Amino acid sequence: AQLQESGPGLVKPSQTLSLTCTVSNRSITTTGFYWSWIRQAPGKGLEWMGAISYSGDATYSPPLESRSLVSRDTSKNQFALQLNSVTPEDTAVYYCARGGQPGSWFDFWGQGIQVTVSS
């Protein structure tokens with residue numbers, strides 16, 4: 001599979017960060033797979049944020065759940081992330097990835113997209 005993130009590279013504080021992951025060569029409805037968003041802030045490790053399953057069920061990291069929405073468009077073979085009320089602490093490289101049970105393992109990754117939260 002090939003995954004490609006897209007979206008704005010700069011978001012103002014308090015606004016909503018919206019990213020899309022376009023998947024090629026694999027269907028996001030293939031049974032058994034989960035499609036995740038993961039980020040890495042400067043100087044920090046990878047943080048799993050949330051995922052949507054092959055059947056359309058979303059799961060979130062508890063610390064981000066109140067601000068996050070993962071959705072999908074099966075007609076376009078895409079899934080998306082919305083993160084509300086962003087702060088500079090949300091500045092990170094954001095990745096989309098395919099894997100198993102949410103946060104367990106990943107076999108295909110996008111190249112990542114830098115998102116900076118700044119006024």
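Tryptophan 109 counts as partly exposed in this predicted model, at 35% relative accessibility. Its ring forms an edge-to-face aromatic pair with tyrosine 95, with 5.8 Å from centre to centre and 85° between the planes. Tyrosine 95 lies in strand 9 and tryptophan 109 in strand 10, so this pair ties together parts that are 14 residues apart in sequence. The protein chain that holds them has eleven strands and zero helices.

**Aromatic pairs**

- Tyrosine 95 counts as buried, at 18% relative accessibility.
- A search of the whole structure finds six aromatic pairs.
- One of the pairs joins phenylalanine 33 and tryptophan 105; the ring centres are 6.4 Å apart and the planes stand at 85°, so the arrangement is edge-to-face.
- This pair links distant parts of the chain, 72 residues apart: phenylalanine 33 is in the loop between strand 3 and strand 4, and tryptophan 105 is in the loop between strand 9 and strand 10 (106-109).
- Phenylalanine 33 counts as buried, at 18% relative accessibility, whereas tryptophan 105 is partly exposed, with a relative accessible area of 41%.
- Trp35, Trp37 and Phe79 are linked into a cluster by ring pairs.

**Overall architecture**

- Read along the sequence, the protein chain follows the pattern β-β-β-β-β-β-β-β-β-β-β.
- The radius of gyration of the protein chain is 13 Å, close to the 14 Å that the globule rule gives for 119 residues, so the chain is as compact as a globular protein of that length.
- The C-alpha trace spans about 40 × 25 × 25 Å along its principal axes.
- Of the 119 residues of the protein chain, 42% count as buried.
- The protein chain exposes about 5,900 Å², and carbon and sulfur atoms supply 48% of this area.
- Among contacts in the protein chain with a separation of 6 or more, 54% are accounted for by residues 24 or more positions apart.

**Nonpolar cores**

- The largest nonpolar core has 27 residues, and those with the most contacts inside it are Leu17, Trp37, Phe79 and Tyr94.
- At least two residues of this core come from each of strand 3, strand 4 (34-40), strand 5 (46-53), strand 8 (78-83), strand 9 and strand 11 (113-117).
- Strand 3 supplies the largest share of this core, four residues.
- Leaving aside neighbours within four places in sequence, leucine 17 is in contact with Val11, Leu81, Gln82, Leu83, Val86, Tyr94 and Val115.
- Another core, of six residues, lies apart from the largest one; among its members are Tyr34, Ile38, Tyr95 and Ala97.

**Disulfide**

- The count comes to one disulfide, which joins cysteine 21 to cysteine 96 with an S to S distance of 2.1 Å.
- Cysteine 21 lies in strand 3 (residues 17-24) and cysteine 96 in strand 9 (residues 92-99), so the pair ties together parts that are 75 residues apart in sequence.
- The torsion about the S-S bond of cysteine 21 and cysteine 96 is about 65°, so the disulfide is right-handed.
- Both cysteine 21 and cysteine 96 are buried.

**Asparagines with positive phi**

- Asparagine 25 is not a glycine, yet has a positive phi of about 70°; this residue is found in the loop between strand 3 and strand 4.
- Asparagine 25 counts as exposed, at 59% relative accessibility.
- Leaving aside neighbours within four places in sequence, asparagine 25 is in contact with Ala1 and Gln2.
- From C-alpha to C-alpha, asparagine 25 and glycine 9 are 26 Å apart in space, while 16 residues separate them in sequence.
- Asparagine 77, also not a glycine, has a positive phi of about 55° and lies in the loop between strand 7 (68-73) and strand 8.
- Asparagine 77 counts as buried, at 15% relative accessibility.

**Proline 88**

- Proline 88 lies in the loop between strand 8 and strand 9 and counts as partly exposed, at 45% relative accessibility.
- Proline 88 and lysine 12 are 76 residues apart in sequence and 8.6 Å apart in space, C-alpha to C-alpha.

Methods:
Residues are numbered from 1 along each chain as its sequence is written. This is a predicted model: local features need pLDDT of at least 70, side-chain atom pairs count only at pLDDT 80 or more; totals for chains, interfaces and linings use all residues. Side-chain values use heavy atoms; hydrogens and water are left out. A disulfide is a pair of cysteine sulfur atoms within 2.5 Å. Buried means under 20% relative accessible area, exposed over 50%, partly exposed in between (1.4 Å probe, protein chains only). A nonpolar core is a set of buried Ala, Val, Leu, Ile, Met, Phe, Trp, Tyr and Cys residues joined through side-chain atoms within 4.5 Å. Contact means heavy atoms within 4.5 Å. The radius of gyration is taken over C-alpha atoms; the globule rule is 2.2 Å times the number of residues to the power 0.38. Accessible areas come from the Shrake-Rupley method with a 1.4 Å probe; for residues, only the protein chains shown count as cover. Rings of Phe, Tyr and Trp (its six-membered ring) pair if their centres lie within 6.5 Å; planes under 30 degrees apart count as stacked, over 60 as edge-to-face and the rest as tilted.
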